[in-house]
Amino acid sequence: MSATSFENLLIDRADPGVAIVKINRPRALNALNSATLKDLRTALTELAGDKTARVVVLTGEGDKAFIAGADIAEMKDLSPGAGVSFSAVGHEVAKLLETMPKPTIAAVNGFALGGGTEMAVACDFIIASEKAVFGQPEVGLGIIPGFGGTFRLSRAIGLPAAKELIYSGRKVKADEAKAMGLCNHVLPAEGFLAAVIENHAKPIALQSASAVAKAKALIVEFTESHGLNTKIDAEAHAFGRLMTSHDQREGMGAFTEKRKPQFEGLKA
Ligand code: CO8
């Protein structure tokens with residue numbers, strides 16, 4: 001068991017060596033506020049160095065959401081500087097999921113929108129429940145993906161499909177996500193997490209942990225590490241520049257007031 005207990009996370013274990021990290025804000029559909037992101041950063045840092053954890057499964061509490069995105073109510077009034085900082089903690093969490101020396105599996109049990117899809121694609125692979133819904137709806141809020149979606153989603157599903165999802169905000173259900181290669185498998189909602197642990201996490205935990213870690217390190221080095229920090233900086237700063245724009249205030253205001261946004265046209 002992880003030594004620390006967390007306000008916004010539940011950490012569980014299954015033998016041999018599976019750690020389950022559950023986002024625990026079901027009333028906000030597990031939206032990521034800064035407290036939850038900081039909890040995740042601490043928990044994943046501890047699990048990265050914990051020899052008894054051989055595989056990490058990330059999932060959401062409740063039967064409705066994996067992560068419904070970054071917390072819009074908290075982001076709504078951020079300054080550009082605070083936007084960059086908020087984005088930076090999310091990037092640290094995504095980078096830990098992507099690079100920690102053990103496989104990370106996203107068990108997507110419901111909505112995985114915005115930062116939810118971004119955290120899922122930062123994991124080594126995704127297993128979806130038949131109730132999973134993916135998407136990058138940020139442009140409908142006057143912002144852009146800010147936790148790595150501008151570069152990790154295209155790596156997962158290819159540039160044309162990623163561009164379509166990011167530009168349109170269109171949501172994709174589990175079967176379409178599988179056809180796109182976004183998730184490896186779609187499982188029944190009933191008994192979903194138990195099946196992910198039994199059939200996908202445990203078989204990895206039974207292998208040589210040092211061989212698996214070496215394989216992951218090489219895959220990370222050969223695919224994403226080149227220029228990763230440059231991409232993170234560029235995305236975080238572009239995100240920060242959009243905070244306080246008319247469309248960001250309007251888009252997020254409209255979400256919290258439960259109405260349709262009225263966006264400005266393209267600025268010269
Ligand atoms: N943030 C805050 N609260 C949320 C969020 C969210 N992302 N998603 C849902 N909630 C809250 C709702 O406000 C609602 O609260 P309340 O009961 O107090 O009104 C509660 O969760 C339940 O939600 P709904 O009533 O809306 O449930 P529905 O079943 O009707 O709809 C949806 C479910 C479709 C998931 C809907 O809630 C929705 O569209 N949510 C927003 C999805 C979204 O736009 N996500 C992207 C957010 S932006 C983002 O993730 C950017 C990532 C990069 C950030 C970089 C930071 C600098």
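Helix 3 provides the largest share of the shell around the ligand, namely three residues. The model described here is a predicted one.

**The ligand and its surroundings**

In total, 28 residues surround the ligand, and the closest are Lys-64, Ala-70, Phe-86, Gly-115 and Phe-239. Sorted by class, this shell consists of 16 nonpolar, six polar and six charged residues. The side chain of Lys-64 places an N or O atom 2.6 Å from a ligand oxygen atom. Gly-115 takes part through its backbone, with an N or O atom 2.8 Å from an oxygen atom of the ligand. In Lys-258, a polar side-chain atom lies 2.9 Å from a ligand oxygen atom. How much of the ligand does the protein bury? Taken alone, the ligand exposes 1100 Å², and the protein buries 73% of that area.

The elements that contribute two or more residues to the shell around the ligand are helix 2 (72-75), helix 3 (80-99), strand 6 (111-113) and helix 4 (115-122).

**The pockets**

Rolling a probe the size of a water molecule over the atoms shows where empty space is left. Which pocket does the ligand take up? The space taken by the ligand is the largest pocket.

| Largest pocket | about 690 Å³ | 34 residues | 20 nonpolar, eight polar, six charged |

The largest pocket holds about 690 Å³ of space. Of the residues that line the largest pocket, Ala-68, Ile-72, Leu-113, Leu-141 and Phe-255 are the closest to its centre. Two or more residues of this lining come from each of helix 2, helix 3, strand 6, helix 4 and helix 11 (246-256). Helix 11 gives the most to the lining of the largest pocket, with four residues.

At least two residues of the lining of the second largest pocket are supplied by each of helix 4, strand 7 (125-129), helix 5 (149-157) and helix 9 (209-223).

Most residues other than glycine have a negative phi, and most peptide bonds are trans. Where does the backbone contain a cis peptide bond? Such a bond joins Asp-15 and Pro-16, with omega at about 0°. Pro-16 belongs to the loop between strand 1 (9-14) and strand 2 (18-23).

Leu-29 has a phi near 50°, which is a positive value in a residue other than glycine. Leu-29 is located in the loop that runs between strand 2 and helix 1 (34-48).

Definitions and conventions
Residues are numbered from 1 along each chain as its sequence is written. This is a predicted model: local features need pLDDT of at least 70, side-chain atom pairs count only at pLDDT 80 or more; totals for chains, interfaces and linings use all residues. Side-chain values use heavy atoms; hydrogens and water are left out. A residue is near a molecule or strand if one of its heavy atoms lies within 4 Å of it. A polar contact is a pair of N or O atoms within 3.5 Å; within protein, one must be able to donate a hydrogen and the other to accept it, and residues adjacent in sequence count only if both atoms are side-chain atoms. Accessible areas come from the Shrake-Rupley method with a 1.4 Å probe; for residues, only the protein chains shown count as cover. On a 1 Å grid over the protein atoms alone, a cavity is a set of points where a 1.4 Å probe fits but cannot get out, and a pocket is an open set with protein on both sides within 12 Å along at least five of seven lines; lining residues have an atom within 4 Å of a point. A molecule sits in a cavity or pocket if more than half of its atoms lie within 2 Å of its grid points. Ala, Val, Leu, Ile, Met, Phe, Trp, Tyr, Cys and Pro count as nonpolar, Asp, Glu, Lys and Arg as charged, and the others, Gly among them, as polar. Grid points are joined across faces, edges and corners, and a volume is the space filled by probe spheres set on the points.
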